[in-house]
Amino acid sequence: MLNNKKTFFITLLLFTIVIGFLPFGEFNIIVQLLFVSIGITSISGVFFSKNNGHGYSLNTVYWLFNYTFFFIAPVTQFKYSTVFQGDFLISNQLYINSGLIILLASLLYLFSYNFSYSRFKVIRLRVFETLNSKLLLYLSISASILFLFLIKFNIQVVLYRPPSGWLKLNTLYGNLGYAVVSVIRYIPFFCLLFYLLSNVKSKNIILILLALTLIITFPISLSRGILAGLYLPLLILFFPVFNKKYYFLGLFFISIIIFFPLANSFRDMTSKGFNLSYSLFNSPHFDAFQNFMLLVNEKIVTNGKQLVDAIFFLKDNRIGSGHILGEQVGFTFFNIAMPFLGEGFINFSYLGVVVFTLFISFLNSFFDKNYINFPIPFKSIYFVLIGFEFYILRGDLSSSVKKMTGFIFALLIVVFTSYIFKKLNKKA
């Protein structure tokens with residue numbers, strides 16, 4: 001049965017072995033054995049890692065990404081001898097070298113996550129929990145009106161995702177207006193999230209906050225990373241069935257194989273119209289392993305420069321890690337992703353892979369163990385990360401930091417406005 005952990009694990013184990021050794025296309029026992037090992041490690045991480053009793057967790061997201069992008073996608077691409085850009089063949093030895101790095105990083109994550117999870121003490125943070133529903137409504141309405149004003153009440157911006165760079169050039173007050181827009185459009189979402197996580201709920205207020213969220217963060221107007229960061233938490237909170245592990249696994253996996261490729265069809269609708277396209281593992285949507293593999297092969301290391309550029313993302317002369325790779329190997333298209341482990345390599349070589357793996361494992365274990373005891377603002381960040389960590393893992397880091405900064409500033413506006421309002425009420 002679906003709720004039988006052992007049966008579900010064995011089913012996935014058999015599926016992994018079958019996918020890894022399908023009798024078509026290219027065949028190399030060492031390459032495919034490596035990929036199958038990564039797949040088995042990933043499903044073991046989902047089923048046998050320490051957990052907080054909830055169906056969803058950052059650890060689960062990590063392993064689902066690992067399983068999809070470092071097992072299913074690359075083994076498919078290996079079988080078809082797929083190269084997304086360029087006129088070259090990828091050798092079996094390069095697949096073996098890169099697959100071994102991913103496997104060792106996966107084992108390191110598995111050990112460090114469970115070790116740190118068992119060692120972290122439960123932390124109870126004290127932050128005010130009293131939320132004023134009227135304030136959340138007024139704040140959401142004000143943010144929505146300001147957002148619409150700054151985009152010149154352009155209904156196409158509300159409904160569709162504009163071409164890259166268009167919004168920055170067509171927002172009132174230039175860069176300042178664009179910076180404000182990049183933050184305030186998430187305020188209604190955080191007001192809704194705060195309210196859903198509070199103890200007192202009114203259906204009318206929920207509906208109003210949800211409507212405002214949908215108006216200024218309409219799903220097809222968002223990039224895939226932001227879409228996951230905003231709407232996956234809402235699905236979990238509105239439909240408690242996803243608190244069960246296997247339902248969450250199903251939701252997330254379906255999102256990866258169906259909505260993740262399809263969401264790109266809505267890109268640039270204002271300039272190119274709707275272009276329905278769907279391609280799965282043998283497509284550039286799933287190029288994470290191949291980009292990592294080429295990066296390792298070229299031995300591109302910036303000694304921390306990319307990390308600095310990611311943190312200080314407002315620098316005008318920064319370029320993404322995928323762009324650097326593209327220039328090195330002669331790509332014609334440079335807007336490509338770089339997975340989190342690739343970011344580790346491009347910064348500090350193999351040591352960077354180790355450091356980045358340990359960092360994400362400690363972060364995930366800390367949040368997974370403690371989020372239930374967190375106050376609402378920290379719980380909100382946790383729920384956003386449930387969806388957004390997938391984007392962080394796929395990359396690139398600079399874009400992830402930029403988008404996460406927008407989330408955090410929007411959350412801080414809600415937090416500090418609520419705090420000030422509470423203080424003023426006390427004085428009154």
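View 1. The largest cavity has a volume of about 60 Å³. Of the 14 residues that line this cavity, those closest to its centre are Asn51, Ser57, Asn59, Thr60 and Lys245. A cavity here is a set of points, on a 1 Å grid over the protein atoms alone, where a 1.4 Å probe fits but cannot get out, and lining residues have an atom within 4 Å of a point. Grid points are joined across faces, edges and corners, and the volume is the space filled by probe spheres set on the points. Helix H2 (29–48) and helix H3 (58–79) each supply at least two residues of the lining. By class, the lining has two nonpolar, nine polar and three charged residues; Ala, Val, Leu, Ile, Met, Phe, Trp, Tyr, Cys and Pro count as nonpolar, Asp, Glu, Lys and Arg as charged, and the others, Gly among them, as polar. Under this rule, there are three cavities of 30 Å³ or more.

**View 2. Ile184 and its surroundings.** You will find Ile184 in helix H8 (residues 174–184); helices are DSSP runs (H or I, at least four residues) and strands are runs of E (at least two), numbered from the N terminus. Is Ile184 buried or exposed? Ile184 counts as buried because its relative accessibility is 7%, and buried means under 20% relative accessible area, exposed over 50%, and partly exposed in between (1.4 Å probe, protein chains only). Beyond its neighbours within four places in sequence, Ile184 is in contact (heavy atoms within 4.5 Å) with Ala143, Leu146, Phe147, Leu150 and Ile216. Ala143 and Ile184 are 41 residues apart in sequence, yet their C-alpha atoms are 5.7 Å apart in space.

**View 3. Helix H9, mostly covered.** Helix H9 spans residues 187–197, and eleven of its eleven residues are buried. Among them are Phe189, Phe190, Phe194 and Tyr195, along with Pro188 and Cys191.

**View 4. Stepping back to the chain.** The secondary structure comes to 19 helices and zero strands. Buried residues make up 51% of the 428 residues. Of the contacts between residues at least 6 apart in sequence, 77% join residues at least 24 apart. Along the principal axes, the C-alpha atoms fill a box of roughly 75 × 50 × 40 Å.

**Notes.** Residues are numbered from 1 along each chain as its sequence is written, and side-chain values use heavy atoms, with hydrogens and water left out. In this predicted model, local features need pLDDT of at least 70 and side-chain atom pairs count only at pLDDT 80 or more, while totals for chains, interfaces and linings use all residues.

Note on methods. On a 1 Å grid over the protein atoms alone, a cavity is a set of points where a 1.4 Å probe fits but cannot get out, and a pocket is an open set with protein on both sides within 12 Å along at least five of seven lines; lining residues have an atom within 4 Å of a point.
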